[in-house]
Structure formats: structure tokens, C-alpha cells
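Subject: Structure handover

Hello,

Here is the structure I promised to pass on. Please open it and keep it beside this message while you read.

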Amino acid sequence: MARLSLTHLQKVYGDFNAVDDVTIDISDGEFLVLLGPSGCGKTTTLRMVAGFVPPSAGKITIGERDVTVLPPWKRNCGLVFQSYALFPHLTVAENVAFSLEMRKVPHAERAPRVAEALRLVQLSGFDERYPRQLSGGQQQRVALARALAMQPDVLLLDEPLSNLDAKLRQEVRVEIRDLQRKLGLTTIMVTHDQEEALTMADRLVVMEKGKVRQIGNQRELYERPADRFVAGFIGRSAFLDGEATAPGRFRSRGGLDIDVGAAAGTGAATLALRPERISVAAEAGTCVNRFEARVEHVSYLGALLDIDVRLSEHDRMLLQLPNRQGSIEPKPGDTITIGWAEDAGLVYPREP
Amino acid sequence: MPGAAVAAGRWPGWIRRLSTAQRPSFGRIALNGAAGLSLGFILLPLVFVIWLAFFRQEIPSFPPEGYSLKWFAAVPGQKAFVDGFILSLQVGVLATLIGLALGVPASLALVRHRIPLGPLVNTLLLLPLVMPGIVLGTALYVFQIETEIATGWPVLGSAGGLIAAHTLVVVPWVVRLVTASLAGFDRTIEEAAQNLGAGPWKTFWRVTLPSIRPGIVAAGLFGFVTSFGNLEMSLFLVGPGRTTLPIAILQYLEWKIDPTVAAASVIQIVLIGTAMIITDRYVKLSRVV
């Protein structure tokens, strides 16, 4: 177990920056999730840590060791592959013992360590099976046990749950997290699944186009998104395009003047609002920002109603109402009053 | 509506069977028939050779006068056959081993790395497979004579020269079958091995090689059979007193046509067939070839 540092890490393919100046410090025993849309560089970053992709620039250290130029077999990072990558010609026990064999761990020591790893993933008694005789979930556990048996300094998980069905995913999520805590393993997981990331991580790194957009815990990312991308990527946001006219003032394209909390600078900007922070009808009465809106579309989602409203010719937004008994249920064509507090809106400079 | 008429059964049975629902099965019957015919055409000489080996009379004629096993008993008595068999076996085994040692790395390079003129190299390595044996034999004959003149080494007629030539016909099988098994190979398991502490060499021996073993075994088998049965090319390259089994059989046939030759062939067929069946138990040949 050890802390892991990525310093100004960069990977350039031709003139394409796959990973661009990524600096992350992961403390001992921390569960860090790299989250982002496909092609954002999260997998390349993970593969650089594992040693499969040589960085174009930057430094990777595990504990006190600088591993930047070490080959994969000298890094001691346990990697769980998305496809599991079990050795098809070896039994479960032989798969798990592979790293011990490579390190010439004495035979007498191997069996107990294999048994312990299989016990941790609740696969005791599967020693003599071959990977093809196992279900997807069991294969996933073998892959995890194989990575754990080597007693890695860092555990790397590459979309480990994406090949499991939804119900199993929920279970395995909790199991991996428990195991990671119990063993105190410094872990990086890569995923594009936001829910998975939010439920498992100590801290999250949101990446896009090779760059780190924001690092923080769940609450920080949701309530204080660093930019418009994060505001749209983590949870849902309603966006209004317009202009920051003065500190604390925002004017939408449709000409609505809106009071916002702290807003740096002026110029073309986007206002982001969390849909659940928008109040409707009587509840909107005390809000600083209050507008008449025309309901365009209502989606019934069980616990919630998604409502598309139009505030002016150029301003549309999404709001969410809890589906409580006796609460109003707007219909398309209705005109309703909506409002929000000034600190509900976050203003971001418009991105080119 | 013709469909209704067919369904109503006013048409003869064979037309009804040709109606829409049944039509594919007619195609299927034709296809199976054609396949069966082709298979029969291929197997016919085999059947006749085996049948002939059990004839009692010395000059093959139909119908047989009776049946006997004496020709099988005669085979070990023919020194040329026994010596030829031993030489063919030695040459075949050595050529196969050398062919694998050359062909497996070549396949890895072709599939894994972008080597200059890769497709051309691939074609060159497969070429001996399509080159007529006579042409190959003549070319190698001239080449070996020229080499002898240039270096003074006795190449032509030597065991080494013969094995080198046979290696040439083994390599295409190795390259074809091994590149095919490498093409479907999931390279992440190699990464997994490296992640678990295996260097490149260990990764190759413990993960890559076992995964392409079916292709290698099949390549070895087919390479050996090709070498063992090679006649045309070998004719040019054997030296005095160094005769492979196919040449020994040919020479025997110049003087006699009794069923000893058929018996020797049956023994060969049985040996190769057994080798295939045994191999198939360990690696499914149908999956690689």
C-alpha cells in the first residue's frame, strides 16, 4: 500500500493530446475514481500507471519509487481488466497463483495465499475450475483475487463492472468497496458510469479531452462544479446562455435579468441551475429570481416529474418536481411561476 | 392465388414440397448431394488402394481372385521401404521442428509488428505451398549445385540439403496456421501476465504459446505430413543410397505392380490417420484448419 502521485502527466499521439498535464495525488488507502466520457483520457491515464503506455512527459511515483520508466512487470500494480483477461488455459488457482509463480514465491507459501485471495472474493472451492466454466460475475472475482494475491502497492480497476448485469453490479460494487477498505488498498478505478463513481469513490476526478476538469468529493462536484462541463456531467443542470453584465448580475439571451451569487468577471457566460433547486408556484414567491414560465413538456418519472419550461423566446430550462401527494401537476400549455435563490445559480464563462 | 392452391393440396406432392416453405430444403439437398459426390471422388482412390492391398493375386485384376494379408507381411521384407520410411520419418521430424522454429517467430512478427513489406514477406513465406513440386525441385537442384560449386561443400544429395528443402514446404503451413490462431488472440491476457510480474519471455512461454498451441500442433502435423509424402521435389535432391519412402515406392513400381505397394500405402494411411485422430483429441483441428 502506498500513496501514488501523477505529476504533469502527458500522453501525445501525433498532434493529439490524449492526456494533457494531469496532476493527481492519491493518498494511502484512498479510493479514487477517474470519471469522464469515452475518449477523455481516463483509460490512458490508468494504463500509464500500469506501465502499458509510456508517458510523453511527467512523472509517476508509487510511495517513494519513481516508476515512470519501469516496465509493467516491475511496477507491482494489480490491474483488473475490463474483459477480466483471465488465462483460459489455467485453472482458477493457477490464475491466482500466477504472480506468486513469477516472483518465485516458495511453493509452500503459494497455496495459503491463493486460498486467502479466493476466500476474500468468496470463491473458495473453485480452485480447480477453468475460467470458461465460470459465470461473468465469478470471472470478475477471479480477476480481482488474482490482482489481490500479488499484494499490489496500488490496485487499478478498469471499468470492472461494465460487463456485469445491473443487479450483480450493485452487489459487486459494495463488495469491492468493502474489500478495498478492509485491505486499505490505494485504488484507482476508471469508469464512465456516474452512479458507480459516486457510490464508490472517496474522491473523484472528472476528465474531459485529456484534461482534469475537477477533483473533489461527491458533494463538491455536485454543489460546486468547477465549470460548465462538470455541471452538465455530474447530475443534471438547466443551462441558460447569456451574459454576465456586472458582478452578481446575469442577463439571459431572452433578456431576463437574474441575480446570482458571486460571479467573476463579465462577458459571455452560461448560468447553470440544478433542477431541484428551482421552486414552483407558491414556493417561488419568496425567491429573488422569479419568472413566469410556460410549460412545454412534462415527463412522468415516478418519484419525479421532469418539466421543460420556456421563460422567453430564447430561454428554455428543465426543472424537476417531486411527485408528492397533493402537489401541483402542471400540464403542457399551463403558465406557472418559477423561482430560485440567488445562490442557486452558478455562472461560467462561455467556452469557446 | 397459387399459394392457396398449393395449400389446398390440389397439386402433386413434389410441387407442394417446392412451394415457398419447402424451397430451401431443395437447395440443401442439392448442396449435400454435390458435397457427397465430391467427397466420394476424393475418397475413391483411397478406397481402391485399400481394397487392392488385400487382393491375393500378384497382378491386380478385377474381380479379385481372393483375399490375403501376405502383402502386408511382405512390406517389412522390402529393405528399400524400411530404409525409406526411416529416412522420411527423420527428415519429416527435423524439417517440422526447424519449420516451427522459423515459422512461429515469423508469424509473430507478421501479425504483431508492422514490418517493412509485411504483406510481401507473408506471400513469399506461403509461396512454396502453391509452387509445383517439380519447379521447386528443379530450382533447388540448380541452387544446390551452384552452392556446391561456389563453396565446395557437398550440399546436393546430403541429408542437410534434403532437410533444408523440406523445411521450405513446412514453413508455409506453420505461417498460415499460426498467423490464423494469432489473429483471434486476445492480447490483454499478455498484458495481464506482464501486470502480474511476467517479463516478455515468461509471458511468451506461459501465456502466448499455450494460447496458440492448437495452431502450432496442427501446423506441425500438416507440415510433417507434407514433408513425409513429398515426392516431386525430393526426386531431385536425394543422393545415392538415400531414398525417402515415396521415392522407394516409385522405384518399386518401375519393376513390379504387386499389391506390396498398396499395403505399404495402407500402413502409411493408417499411421497418418492415427496421428490426426490422436492430435484431434488434444486440439480440435477443425477449429484451426
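Which residues does A:Q10 touch, not counting residues up to four places away in sequence? Try to find them before reading on. Please keep in mind that this is a predicted model.

The partners are A:N17, A:V19, A:D20, A:D21, A:M48, A:P55, A:S56 and A:A57. A:Q10 itself sits in strand β1 of chain A, residues 4–13. Its relative accessibility is 22%, so A:Q10 counts as partly exposed. The cut-off matters here, because buried means under 20%. Now look for A:T44. It is 34 residues from A:Q10 in sequence. In space, the two C-alpha atoms are 9.7 Å apart.

**The two chains**

Chain A has eight helices and 20 strands. Chain B has 15 helices and zero strands.

Start with chain A. It has 352 residues, and 51% of them count as buried. Its C-alpha trace spans about 75 × 45 × 30 Å along the principal axes. The accessible surface comes to about 16000 Å². Carbon and sulfur atoms account for 49% of that surface. Take the contacts in chain A between residues at least 6 apart in sequence: 66% of them join residues at least 24 apart.

Chain B has 289 residues, of which 38% count as buried. Its accessible surface is about 16600 Å². Here 71% belongs to carbon and sulfur atoms. For contacts in chain B between residues at least 6 apart in sequence, 66% link residues at least 24 apart.

Most residues other than glycine have a negative phi. Now check two residues against that.

A:D21 has a phi near 55°, a positive value in a residue other than glycine. At 43% relative accessibility, A:D21 is partly exposed.

A:Y84 has a phi near 70°, again a positive value in a residue other than glycine. Where is A:Y84 placed? It is in the loop between β6 (77–80) and α2 (92–102) of chain A. Is A:Y84 buried or exposed? It is buried, because its relative accessible area is 4% and the cut-off is under 20%.

**A cavity in chain A**

The structure holds one cavity of 30 Å³ or more. The largest cavity has a volume of about 40 Å³. Its lining is made by A:L144, A:L148, A:L155, A:I176, A:L179, A:Q180 and A:L185. Two elements of chain A give two or more residues each: α4 (136–149) and α5 (166–183). The largest share, three residues, comes from α5(A). By type, the lining has six nonpolar residues, one polar and no charged.

**A pocket in chain B**

Next, turn to the second largest pocket. It holds about 380 Å³ of space. There are 15 lining residues, and the closest to the centre are B:V225, B:G229, B:Q268, B:I269 and B:I272. Three elements of chain B each give two or more residues to this lining: α11 (213–228), α13 (245–255) and α14 (260–282). The lining divides into nine nonpolar residues, five polar and one charged.

How far apart are its end C-alpha atoms? They are 22 Å apart. The helix has 16 residues, and at 1.5 Å a residue it should span 22 Å, so the two values agree.

**One arginine in chain B**

Finish with B:R112. It is found in helix α5 of chain B, residues 79–112. Its relative accessible area is 17%, so B:R112 is buried. Not counting residues up to four places away in sequence, B:R112 touches B:L182, B:F185, B:R187, B:E190 and B:T208. B:A183 is 71 residues away from B:R112 in sequence. Their C-alpha atoms are 9.2 Å apart in space.

Best wishes

Notes: Residues are numbered from 1 along each chain as its sequence is written. Chains are lettered from A and ligands numbered from 1 in the order in which they are written. This is a predicted model: local features need pLDDT of at least 70, side-chain atom pairs count only at pLDDT 80 or more; totals for chains, interfaces and linings use all residues. Side-chain values use heavy atoms; hydrogens and water are left out. On a 1 Å grid over the protein atoms alone, a cavity is a set of points where a 1.4 Å probe fits but cannot get out, and a pocket is an open set with protein on both sides within 12 Å along at least five of seven lines; lining residues have an atom within 4 Å of a point. Grid points are joined across faces, edges and corners, and a volume is the space filled by probe spheres set on the points. Helices (H or I, at least four residues) and strands (E, at least two) are DSSP runs, numbered from the N terminus. Ala, Val, Leu, Ile, Met, Phe, Trp, Tyr, Cys and Pro count as nonpolar, Asp, Glu, Lys and Arg as charged, and the others, Gly among them, as polar. The expected span of a helix is 1.5 Å times one less than its number of residues. Buried means under 20% relative accessible area, exposed over 50%, partly exposed in between (1.4 Å probe, protein chains only). Contact means heavy atoms within 4.5 Å. Accessible areas come from the Shrake-Rupley method with a 1.4 Å probe; for residues, only the protein chains shown count as cover.
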